Amino acid sequence: MPDRFPEITSVEEFIRLRLSEDPAERDRSAWAAMPMPVWDELVREHPDMRFWAAHNRSCPPEVLTELIKDDDWRVRGRVASRRNCPAELLEKLANDPHDAVRNTVATHQRSPRSTVLRLTDDPWAAIAEAARTRIANWPQTAPNETDTAKPITAPVNYQLRPNHQASPGIRQPHATD
């Protein structure tokens, strides 16, 4: 899909496309490639456009590496939510101060197993639980394969902890099920 959009050649063009009322122009801002000097200027000179830079599907890994240092958690979260986010960036984002970013890392299909294991002890219970669920359902891999997860295909087996009640109308699993 990126090849169907003409390259964006300036920061001004990117901003005009992003702010356009025309959905086709906004799509171009989300898909079209840009030369590295344009990426550099956009990220350096226009902090209000960093989220949209991270949103662009052709954003190069070097730019994503810069964007995970942004003060705005939404920019870091957008990088973490990218389907093709590099595993090494997800590892760094597992230490993010914002819980939404760490939660995205815990549930991301490309997060390395070692990263997800670290998140099983996250201070926010929802993140720790999401990470434990991922680990419990981690696909088995051959010893020479990477530990980056593939999408979960087995159904998630939710277990209630001793002090928790099932929601009304939901049957608790029984040992003979």
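This text walks through the predicted model, from its overall make-up to single residues.

Start with the whole chain. The model is predicted, and the protein contains 10 helices and 0 strands. Read from the N terminus, the elements run α-α-α-α-α-α-α-α-α-α. The protein has 177 residues, and 39% of them count as buried. Take the contacts between residues at least 6 apart in sequence. Of these, 47% join residues at least 24 apart.

Next, confidence. The average pLDDT of the protein is 84. A score of at least 70 is reached by 77% of the residues. One stretch calls for caution. Residues 149–177 have a pLDDT below 50. Leaving out near neighbours in sequence, this stretch has 22 contacts in the model.

The largest nonpolar core holds 39 residues. Within this core, Leu42, Leu67 and Val79 have the most contacts.

Begin with Leu42. This residue sits in helix α3. Is Leu42 buried or exposed? The relative accessible area of Leu42 is 1%. The cut-off for buried is under 20%, so Leu42 is buried. Setting aside neighbours within four places in sequence, Leu42 contacts Val11, Phe14, Ile15, Met34, Met49 and Ala53. The chain also brings Ser10 into the picture. Leu42 and Ser10 lie 32 residues apart along the chain, yet their C-alpha atoms are separated by 8.7 Å.

Helix α1 covers residues 11–19, and helix α3 covers residues 36–45. Their axes come within 9 Å and cross at roughly 65°. Angles of 65 to 115 degrees count as roughly perpendicular, and α1 and α3 are therefore roughly perpendicular to each other. On the α1 side, the contact uses Val11, Glu12, Phe14 and Ile15. On the α3 side, Val38, Glu41 and Leu42 take part. By type, the residues of this contact divide into 5 nonpolar, no polar and 2 charged.

Move on to Val79. Beyond its neighbours within four places in sequence, Val79 is in contact with Ala54, Leu64, Leu67, Ile68, Cys85, Leu89 and Leu93.

Ile68 is another partner of Val79. Ile68 lies in the loop between α5 (61–67) and α6 (73–81). Not counting residues up to four places away in sequence, Ile68 touches Arg76, Val79, Leu89, Lys92 and Leu93. Ile68 and Ala80 are 12 residues apart in sequence, and their C-alpha atoms are 8.3 Å apart.

Helix α8 spans residues 99–107, and helix α10 spans residues 125–136. How do their axes meet, and at what angle do they cross? The axes come within 9 Å and cross at roughly 10°. Under 35 degrees counts as roughly parallel, so α8 is roughly parallel to α10. From α8, the contact draws on Asp99, Arg102, Asn103, Val105, Ala106 and Thr107. From α10, it draws on Ala126, Ile127, Ala130, Ala131 and Arg134. The residues of this contact divide into 6 nonpolar, 2 polar and 3 charged.

Thr120 is found in the loop between α9 (113–119) and α10. Thr120 is buried, at a relative accessible area of 15%. Apart from residues up to four places away in sequence, Thr120 touches Ala128, Ala131, Arg132 and Ile135. Ala131 also belongs to the contact of α10 with α8. Thr120 and Ala130 are 10 residues apart in sequence and 7.8 Å apart in space, C-alpha to C-alpha.

Finish with Arg113, in helix α9. The relative accessibility of Arg113 is 32%, so this residue counts as partly exposed. Arg113 and Glu91 are 22 residues apart in sequence. Their C-alpha atoms are 9.8 Å apart in space.

Definitions and conventions
Residues are numbered from 1 along each chain as its sequence is written. This is a predicted model: local features need pLDDT of at least 70, side-chain atom pairs count only at pLDDT 80 or more; totals for chains, interfaces and linings use all residues. Side-chain values use heavy atoms; hydrogens and water are left out. Axes are lines fitted to C-alpha atoms, for helices over the stretch in contact, and angles run from 0 to 180 degrees between N-to-C directions. Helices (H or I, at least four residues) and strands (E, at least two) are DSSP runs, numbered from the N terminus. Angles under 35 degrees count as roughly parallel, over 145 as roughly antiparallel, 65 to 115 as roughly perpendicular and the rest as oblique. Contact means heavy atoms within 4.5 Å. Ala, Val, Leu, Ile, Met, Phe, Trp, Tyr, Cys and Pro count as nonpolar, Asp, Glu, Lys and Arg as charged, and the others, Gly among them, as polar. pLDDT is the predictor's confidence in each residue, from 0 to 100. A nonpolar core is a set of buried Ala, Val, Leu, Ile, Met, Phe, Trp, Tyr and Cys residues joined through side-chain atoms within 4.5 Å. Buried means under 20% relative accessible area, exposed over 50%, partly exposed in between (1.4 Å probe, protein chains only).
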